[in-house]
Amino acid sequence: MRLKGRHWIAAWLVAFLATTWVVYARQTAAIRAARELAEIRARRANLEGRRADLERRIRRAESRAVLVPLAQSRLGLHLPSDSEIILLPGPTSGSGSH
Amino acid sequence: MARLAVRLQVVEIAVGLGLVLLVARAAEVQLLQGRRWAEEAQAQRTERIVLAARRGALLDRHGTPLALTQETYHVGVAPNELRDPVKDGALIARRLALSARAWSQALRRRYAYFAGPFSALEVQPLRNVRGVHFEPVLNRFYPAPEMAHATIGRLGDDGRGASGLEKTLDSLLAGRPGAAVVLKDRAGREYESPARVIAQPESGLDVVLTLDAELQEIAQRALDEALRRMDADGGDVVMLDPATGEVLALASHQRDGTARPSAFTDTFEPGSIAKIFAAAALLSLGRVAPVDRVSGEGGTYRMKGRPTPVTDEEPLPLLTLADAIRVSSNIAMVKFVARLAPAEQYGVLRDFGFGAPTGIEFPAEAAGRLRPPSEWTRPSAASLAMGYELSVTPIQVAAAYGALANDGLLLAPSLIREVRSPGGAVLYRHRVEPVRRVVRPEVAAALRDLLRGVVERGTGTEAALSTFPVAAKTGTARRVVNGRYAPGQYTASFAALFPADHPQLVLVVKIDNPHKGSYFAAQTAAPVTRSMLEQALAARTVALDRARLSTAAPRATVAPLEDDGGVVPYVVPWPYHPDSAAPGPARPVPDVTGMEMRAAVRALHRRGFRVALKGWGAAEHTWPAAGDSAALGSTVTLFAVAPRPDAVPPATPPRKPRR
């Protein structure tokens with residue numbers, strides 16, 4: 001059966017629409033994926049920022065500049081002199097030292 | 001009719017010519033100029049962007065981050081896109097810390113750009129606000145900005161290392177940027193579409209430094225406090241592990257607040273801390289015997305060719321070399337070094353590394369100055385013996401004292417411990433780099449004894465600890481400003497080895513021009529050293545081998561042998577007397593052969609020995625062997641074998657290892 005002119009036109013139109021739909025669908029999926037990727041990146045950056053901020057605050061809280069005055073004022077502690085420091089010898093690894 | 005035909009032909013020809021021209025132009029555009037137009041179109045619709053590489057981190061020796069790379073943002077606001085300019089505007093202004101005036105100015109523009117950079121936490125609430133656009137940018141972040149600032153350095157505006165280790169290690173840290181292509185519209189705005197990545201960015205390498213964050217903080221705080229108390233112009237502290245040459249802490253502080261790495265870059269005349277190197281030359285060349293004495297000259301000694309006399313603050317009538325170091329006698333040292341040829345004196349100073357950069361991984365290290373003997377004047381030898389006519393950096397002094405601690409072997413100091421890939425694989429690990437043997441081990445030990453005398457009975461008693469012996473030398477030298485000795489200005493310095501036996505730490509403290517109180521190192525730099533040592537001993541993570549410290553120090557208060565209360569005596573003597581660091585008296589190792597392990601260990605402990613076990617079961621033999629003498633507190637290795645009831649007794653007794 002030979003296709004008539006209008007059938008050809010219809011076939012070409014269908015092919016064009018199908019191709020357009022495929023391109024559109026791919027673009028949409030890509031844009032959606034890009035958005036999700038951007039959101040994940042933003043979340044990661046946010047978490048990294050939060051971690052860095054917490055690390056900075058922990059470092060600050062652990063620093064001698066903060067700890068020593070607090071320990072002195074609240075707990076009445078002081079930096080030990082060397083005669084107040086006792087070093088206990090630990091077991092030697094592997095040798096079974098006692 | 002004919003005229004109409006002619007007209008039609010003319011029109012046809014004109015149309016034909018037009019079509020031909022059109023086709024020709026199309027052919028020209030497509031075929032001849034096609035590449036250029038295609039490129040231009042691509043340039044208009046696409047943009048090649050650089051994907052920044054994440055810069056590697058700088059970590060301390062325990063993995064504490066000192067410099068990190070973090071994603072931050074530039075923020076753009078399009079006021080006409082805001083849904084609720086009042087409400088959104090208030091949020092934006094609050095998050096970006098904008099004043100009311102700055103925000104009202106921004107609202108008048110079509111597109112307001114705020115460079116920031118703003119952290120992810122700051123911009124997080126703005127992510128869903130329409131009209132706010134983010135431009136991510138990688139930024140350097142220093143969790144403790146003041147920590148080792150001058151050593152670590154900073155980045156320049158171009159994102160490359162501009163100073164300090166950031167500069168030295170830039171090629172390792174920078175990584176390699178990638179590239180991608182993005183689509184954009186006519187106005188140049190990027191389409192919301194995935195970028196086509198041409199090359200992925202390669203992150204930079206992480207570098208683990210030798211610095212110990214806790215020691216660094218101790219050094220910085222002690223130095224800052226000392227400079228404030230003494231109203232000094234500036235100062236430096238260097239801490240170094242003599243066994244590896246690794247720099248553990250580096251603190252520099254100037255009164256003007258500049259973060260200058262003066263421990264590497266600023267030279268000074270070391271004064272009396274250099275006397276030990278003259279002593280090294282004398283001892284290694286055998287020019288002085290322990291009993292040799294020279295006169296103290298009543299504290300004033302005139303030399304030929306020297307316009308001003310050599311003086312001592314508190315003269316002794318007669319001095320040995322040990323006395324000369326202990327009380328830091330200029331006169332005695334000048335007299336002793338007269339026994340050296342200039343080339344010998346120069347050679348030993350040169351061997352200790354003076355007059356040449358140490359080679360540490362820092363971009364601007366000063367070499368100092370040590371003139372060759374051909375440039376010396378008549379009093380040069382005497383001046384060098386007292387630490388003048390010589391300029392050094394604190395890091396050179398630390399490395400040289402490290403050689404004394406390290407049995408005479410000079411090591412290259414280092415700031416880099418490891419280089420790791422972004423995945424954590426170790427690509428480089430620092431190895432000890434011996435430069436040369438400067439003095440023999442027995443000479444180094446003798447020099448350490450001289451330094452020990454300084455702290456126990458000499459000018460360095462302010463640095464003495466009651467639990468561990470310290471070896472050190474004080475130095476107070478006139479200060480050179482603009483090439484001349486500044487009247488009334490001094491540099492106080494102190495170089496110490498801790499502990500004196502098997503040193504684990506070299507400390508150099510330098511204080512420039514203290515104004516308040518004494519300017520002598522004995523009263524300025526020595527107490528700072530003591531304070532830092534006490535804090536280092538009490539710190540949790542400081543890179544000190546406490547096992548070695550605890551075993552090196554004590555002479556155990558051993559329980560009486562008859563006392564068998566089942567309690568293991570020792571192990572921590574406290575309070576500890578410094579002299580007890582000397583090896584205890586020897587005593588015979590008891591015979592524990594055949595005893596159960598527990599009983600054997602207890603017997604050895606009761607005798608005052610430490611015990612290391614090899615094997616399990618009944619005691620077979622010991623090393624040192626039963627009956628041999630061993631120092632009190634030393635380790636006896638106990639070899640044990642599991643009893644085997646079915647085993648045939650050996651034909652010959654097991655061979656006992658000999659000492």
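User: Is R60(A) buried or exposed?
Analyst: In this predicted model, local features need pLDDT of at least 70, side-chain atom pairs count only at pLDDT 80 or more, and totals for chains, interfaces and linings use all residues. Residues are numbered from 1 along each chain as its sequence is written, while chains are lettered from A and ligands numbered from 1 in the order in which they are written. A residue is buried if 20 or more other C-beta atoms, placed from the backbone, lie within 10 Å of its own, exposed if 12 or fewer, and partly exposed in between. Because R60(A) has 12 other C-beta atoms within 10 Å, this residue is exposed.

User: How far apart in space are R60(A) and A38(A)?
Analyst: The two residues are separated by 22 residues in sequence. From C-alpha to C-alpha, the distance between R60(A) and A38(A) is 32 Å.

User: What radius of gyration does chain B have?
Analyst: The radius is taken over C-alpha atoms, and the globule rule is 2.2 Å times the number of residues to the power 0.38. The C-alpha trace of chain B spans about 145 × 90 × 55 Å along its principal axes. Whereas a compact globule of 659 residues would have a radius of gyration near 26 Å, the value for chain B is 37 Å.

User: What percentage of the residues of chain B count as buried?
Analyst: The count is taken over the 659 residues of chain B. Of these, the share that counts as buried is 42%.
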